[in-house]
Amino acid sequence: VDMAKPRPCAYNSKTDMHGNVIKTVKIKPDTTSSTQPDKLLVEYSAITIRQLRAVLANMERRCIPEGWTDYFGVPLTPDTVTLRDIDTYIIRPFTKKGQTSFVRHLPSTAGPQPPRFFVSHWWGEPVKQFVLCLEQANADFEMNNMDYGEQDGSGGGMSADTPVWVCAYANNQWDLGDSITDDPTKSGFYKAMKVAKGRTITILDKEGIVFTRIWCMYELYLTLVHLSDAMWAVYTAHTHKYEIPGGKGTYENRKAVGIISGGSTSDIGDYSLITAREAAFPYDLIKKSLAIQVEHADVSVETDKTHILNSIAGRDNIDDVPPTHDESYDTLNNNVRANFASSVIMLQGAAQKGGEEWTEIVTALSKGSMTKISFDFKAGRELGGLDSAQATYLVANLPPNIENLKIKNAKHGVEFMNSLVQRVGELNNLKKLWIDNDTLESGEEGGQDGGGKDEGQKADSNLATMLSTDHTIEELHLYNTDLVRADNVELWAKALMLNSTIRRLWLIGVGKEVRDELTEKTKDRKLELKVGRPIIDQLQAKTKDRKLKLKIRVH
């Protein structure tokens, strides 16, 4: 590719299920939100991965022959050059004559480059590691297939021509007045974050310094607290062998790894793929997140910290001395810690160490504000290594704002189920509850037993009683459990008649007689209740007009 010629930025708006490109579109500014869409405003000055490769190539070609040294006069190598050094040797010399931003001055920039992602980082990170992280993110988000959900909104379809916002290249280093303002909400960082729709990639250095910088913490505040429907990914440079799931022992060499809230688009929502991809993330590096305190973050310009802390605290006068302690600080700190604590690699590592470390991680998770959680306790899957006591403690401390909860393959007995029921009853925002292949009998050899028939009946009674007074759950999925049976239909019918919110009760592994009896006993319910099996019922509805009558039967 000739980087001396203008090249429009783009992303792949449609790929097949393997990530192969079907349709590519140019990325254009949102003219409804900009009064100057044709000008290269700071928020539209993102840099493409292809342009970053050119920067890297320039650095590698010149670094040693020209005898580059760092701020302290120490000789540099291509492996040790940081963004500070890139600013000294490439960005400023290249833009000195025009006094513009680096992106604007590049001959390959064809016009405004709105970011698909915002990149939060520290200037002391080696540039080669920085680019390795973005190359891996590019691969992780290459898929954009609507068959796997709303992947476009999650940043899917990345390519080498997809722009990401990096402050050093986007800001005019000769005049930072438009980029770094007294009011953080008027800064280029804030504007670029909004254009990227809150999709943020944090580049985590080996020492975790990025979490001690005030601007980086402000960017996480925007992502995790301020903006709705945002997405956070954390990448770090780490050479490892990625074992391809289902590849029968085949591996792929990778040089970076990311933890992504909800997974990448290439994970297609499959937790086995998420687990495999995140497995190599250094556990000790993740643990550094537990020490995050935005109020103690470092800053180059002290007034920036004053303005940012006051902005986070919601103070009208951003020049006031910021509060030493504030609830909004705790909210941000807890959200960052909880997002790490909810990752598979964090839960697995803490479970292996057990004791206080397990308690510490689960406590961090319990203070988060995530709205969707899925736990699979099957042996060989993400939480298959937990014992019954750990699994019970985990579900007893679920974060309070969950809207969609799925618990799968948790054969940890009655105590586990009772703890889950009690915690679910305390969740005030829960809309969908899935209990999939969870029975009241413990599958743990020598561990917590099922509790006997009487205890099992008490557990299903507790669930039904909780639902009779619950005022949030709208869909309940019970798949292959022993919670609804022929001998407790009356109990469930009474509970459902008292419940005022559940619209759909999806049952799999329950006999037709039980479903029919539940339907009959709840037919006079004020809020109509649909009792059925989701896929089967949809198939029957869509084939009811078939000329040759179709009988659908399921075991």
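**Close-up views of a predicted model**

View 1. Residues are numbered from 1 along each chain as its sequence is written, and side-chain values use heavy atoms, with hydrogens and water left out. His240 sits in strand β7, residues 231–243 (helices, H or I of at least four residues, and strands, E of at least two, are DSSP runs numbered from the N terminus). The His240 side chain gets to the backbone oxygen of His238 at 2.8 Å, a polar contact (a pair of N or O atoms within 3.5 Å; within protein, one must be able to donate a hydrogen and the other to accept it, and residues adjacent in sequence count only if both atoms are side-chain atoms). Skipping neighbours within four places in sequence, His240 is in contact with Glu252, Asn253, Arg254, Ala256, Val257 and Ala280 (heavy atoms within 4.5 Å).

View 2. What does the side chain of Arg199 reach at 2.8 Å? That would be the backbone oxygen of Arg116. Arg199 belongs to β6, residues 199–203, and is buried, with a relative accessible area of 4%. Not counting residues up to four places away in sequence, Arg199 touches Arg116, Phe117, Phe118, Asp152, Gly153, Ser154, Gly155 and Met231. Thr212 is 13 residues along the chain from Arg199, and their C-alpha atoms are separated by 21 Å.

View 3. The largest nonpolar core has 105 residues (a set of buried Ala, Val, Leu, Ile, Met, Phe, Trp, Tyr and Cys residues joined through side-chain atoms within 4.5 Å). Its largest share, 9 residues, comes from helix α7, residues 214–226. Because 11 of the 13 residues of α7 are buried, this helix is largely enclosed by the rest of the structure. Trp215, Met217 and Tyr221 are among the buried ones, and their cover includes β4 (117–120), α6 (188–195), β6, β7, α10 (302–312) and α11 (327–341).

**View 4. Leu394 in the largest core.** Leu394 is one of the residues with the most contacts inside the 105-residue core. Leaving aside neighbours within four places in sequence, Leu394 is in contact with Leu347, Trp358, Val362, Leu365, Phe375, Phe377, Leu383 and Leu386. Apart from this core lies another, of 39 residues, including Phe130, Leu134, Met158 and Ala233.

**View 5. Two loop residues with positive phi.** Ile268 has phi near 50 degrees, a positive value in a residue other than glycine. Ile268 is in the loop between β8 (251–260) and α8 (271–278), and at 28% relative accessibility counts as partly exposed. Asn409 has phi near 55 degrees, also positive in a residue other than glycine. Its loop runs between β10 (404–408) and α15 (413–426). Is Asn409 buried or exposed? At 11% relative accessibility, Asn409 counts as buried.

Note on methods. Predicted model: local features only at pLDDT ≥ 70, side-chain atom pairs only at ≥ 80, totals over all residues. Buried < 20%, exposed > 50% of the residue type's maximum accessible area, 1.4 Å probe, protein only.
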